[in-house]
Structure formats: structure tokens, C-alpha cells
Amino acid sequence: MDFNFKKIASDAGGFFSRAKQLTEETFLKAERTELDSHFENLLQRADKTEEHTRRLLSSIESYLQPNPTVRMEEVFYEKLELKKDGVVRQNNLEQLSTAMTEAGETFGETTPYGSALVKVAQTENRLGQAERELCGQAATNTLLPIRRFLEGDMKTIQKERKVLNSKRLDLDACKSRLKKAKNVDTQAVTNSKTSGGFTVEQAEADVRVAQAEFDKQSEITKLLLEGIQTAHNNQLKCLRDFVEAQMSFYAQAHQLMADLQRELSGTMSFRGSSAILVNNSGDPPNGRTMAAAIAAAKPSGLLPDDLGTKQAKVILDYEAVLPQEISVTQNDILIVYRLPGMDAEYVMAEKGGKRGKLPVSYIELL
């Protein structure tokens, strides 16, 4: 192997000179070229931007994939540029759906418990698919642009900052040599050479060259630092896209769960005149008497496909069982109507600015 010992010695000498210069600046308060306050503010903003952007990226990744093992696996495949097998990993909701489906099939879909398990499993599977869409949208519209900023623009800024610091050290070294040359020049009357072999003129020329290179690098770095504002604007758009994706996901999740609750609430409602909810003591729930069962047998006059708004009178007190239901008192006058797809045994009722579901067997049309 061919070694260039002169180059190695030169690099080692430069390294030790830099270390000596930085040590003097840090501990001996040696003279150094200072940047203007605006430039320092730009540098501080760049540092804060990088710090908080990395924390933001990590937090969003943890939100989208709470399992740290899976996150590390994805990073491993990405860094090594490996491709995963064609099998798609199920998320937690999809795994829950699979477990409920298997349980429902085991207990029998014709049984109340088995049927409820299958219904919940179907909804959980839809939720899992919606969550998968949320992760995909967030990865494309939010995580990817943020990663590109950190791995592209921010790395370029840090690289140019290192170059700028190197140019500053070169300039300070040239200024130090010029200062020594002037001191020697004032002491030596017959010889204007410095102990290092540099004349004042040579030292001044080196300072001018170093100052020009430092100023040029300062402008380059400053332009990059000022471009961080553009990055903030781009990340603002990413943030809006993330919020919109979340809003769509949670709206879809709310609708799915509301539909599921409406389906399951049928098992808690009065089925004609033959069913009534009872508690463990055998008494009717919420203080209801057997008159509730009698009221259930009385027709309300409201057809299942009737979606019009009508007035109705309460024929028996009703205390809400579910959060979306409304409590009413006998002889209350209500505005009632049905929503598309609503359970035929319920109506929407409005009273005194309040609205909720009410079993149809508790009212009669006026």
C-alpha cells in the first residue's frame, strides 16, 4: 500500500494546530472573529428547528406505530434496502377483528353472543383498514417531507456551518500571524522578518485572502439559514395534512362505532310485547313496572319507513338506558322522526331543546 507520509504528517499537524487554537479560544479567551447578532440568531433558530423537528418526527412515528420493535424492524429494512415478504402485517385492530371472528364462529353466529362478536369484528376490521389508511397518508404527506428536510436541507446547513467555522479559524490564525509579524517588525530594526519566516506584507495578504473566503462562506451559510423559514412553511402544510388525515379517520371511526352501537343496542331494547330488560334481582331496570311491557304491545301508529316529522305523546315514563337516548315523562308532547337506516323500534325525539333516541312503544302519534 502506498502511503503519503508527508500528507499524513501535514494533516496531523493541521489537526493539532486546530486543537490548540480551539483550546486557546475556549480556555484562554484568545481573540476570535465574531458573527453579527442577526447571524447568531439564525444559527440558534437552525439548532432549535433541528432539535424540535427530530422530536416531532419521533413522536409522530411513535403515534402511528406504538410498537418500538416494529419501528426498528422498518428502519433495519430501510437502511439495508431490503424488501419484506409479501405478507402484510396486521395492526392491532385487525388482530382483534380476527380473534372476535374466530370466537363468533366457534360460539355460533345464530347465538346472541356469537352474532354480537361477528358484528363487532366486522367493525373493528373496518377501523383497522381506516387506521392503515391514516398511517399511509401520514407517512406520505407528513413523515416523508420531514425526513427529507432533516436528511437534505439540514445536513447541508450543518456541513456549510462546519466549513464556515473552518474558514473562521483560518482567518483567526492569519490575524494571529499578522499580529506576531508586526510585533517582531517593531522590535527588529534591521530585519522585518518574523520568526516564522513571514513578512508583514505576506501576513496581510494571507489575512485578505482568508477574510474574502470567510465572507463568501458566510453569505452561503446565511442564505441556507434564511431558507429555514421556507422549510417552516412547508412543514406547516405537512401539519395541516396530518390534522386532516386524523380528522377523517376519527370521523370515520365515530360513524362506524355509532352504527355498531345502534346494531348492538337492539339486544337491550324491547322486542314487541315479549321482551323486557331485567336486572339481577328480577326487577325491571330503572324502576320500570310491567306496564312497560304492556305499553310495548300498544301500536304507536308510526310505520318503519315513515321519515316525516310528527307530534307524539308519551304514554309511559322512560328513563334513558344508553347515552344517545332521551328520558321522558308520561304525557310529554314530543317532536318525533326517523333517520335513514334507523332501527325500526326507535325514533328520534326532541323535547325542550334536547334530542335523543326513544323506543317507539312509549309514544303514540297525535
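**Entry 1: the model**
I started by noting that this is a predicted model.

**Entry 2: helix α2**
I looked up α2, residues 37-64, and checked its length.

Next I asked what sits at the N-terminal end of α2. Asp36 caps that end, with a side-chain oxygen 3.1 Å from the backbone nitrogen of His38.

Then I went through the buried residues of α2. Phe39, Leu42, Leu43, Ala46 and Leu57 are among them, and the buried list also includes Thr49, Glu50 and Thr53. Towards the end of the list I found Ile60 and Leu64.

**Entry 3: Thr199**
I moved on to the loop between α5 (112-187) and α6 (200-226), where Thr199 is found. Is Thr199 buried or exposed? Its relative accessibility is 18%, and buried means under 20%, so Thr199 counts as buried. I also checked its side chain: a polar atom there lies 3.1 Å from the backbone nitrogen of Gln202.

**Entry 4: the sheet**
Which order do the strands take in the sheet? I read it as β4-β3-β2-β1-β5, an open sheet of five strands with antiparallel pairing. The edges are β4 (354-359) and β5, each of which pairs on one side only. On average, neighbouring strands here are turned by 40° against each other, direction ignored.

I then walked through some of the pairings:

- β1 (residues 310-314) runs antiparallel to β2 (residues 333-337), and four bridges join them. Here Lys310 has Val336 as its bridge partner in β2.
- β1 is also joined to β5 (residues 363-365) by three bridges, again antiparallel. Lys313 stands opposite Glu364 of β5.
- β3 (residues 346-351) and β4 are antiparallel and share six bridges. In this pair, Lys351 stands opposite Lys354 of β4.

A reminder to myself for viewing the strands: in a regular strand, side chains alternate between the two faces of the sheet.

**Entry 5: the cysteines**
How many disulfides does the structure hold? I found zero. I still looked up two cysteines. Cys174 has 8% relative accessibility, so Cys174 counts as buried. Cys135 comes out at 23% and therefore counts as partly exposed.

Note on methods:
Residues are numbered from 1 along each chain as its sequence is written. This is a predicted model: local features need pLDDT of at least 70, side-chain atom pairs count only at pLDDT 80 or more; totals for chains, interfaces and linings use all residues. Side-chain values use heavy atoms; hydrogens and water are left out. Helices (H or I, at least four residues) and strands (E, at least two) are DSSP runs, numbered from the N terminus. Buried means under 20% relative accessible area, exposed over 50%, partly exposed in between (1.4 Å probe, protein chains only). A polar contact is a pair of N or O atoms within 3.5 Å; within protein, one must be able to donate a hydrogen and the other to accept it, and residues adjacent in sequence count only if both atoms are side-chain atoms. Two strands pair if DSSP finds at least two bridges between them. Axes are lines fitted to C-alpha atoms, for helices over the stretch in contact, and angles run from 0 to 180 degrees between N-to-C directions. A disulfide is a pair of cysteine sulfur atoms within 2.5 Å.
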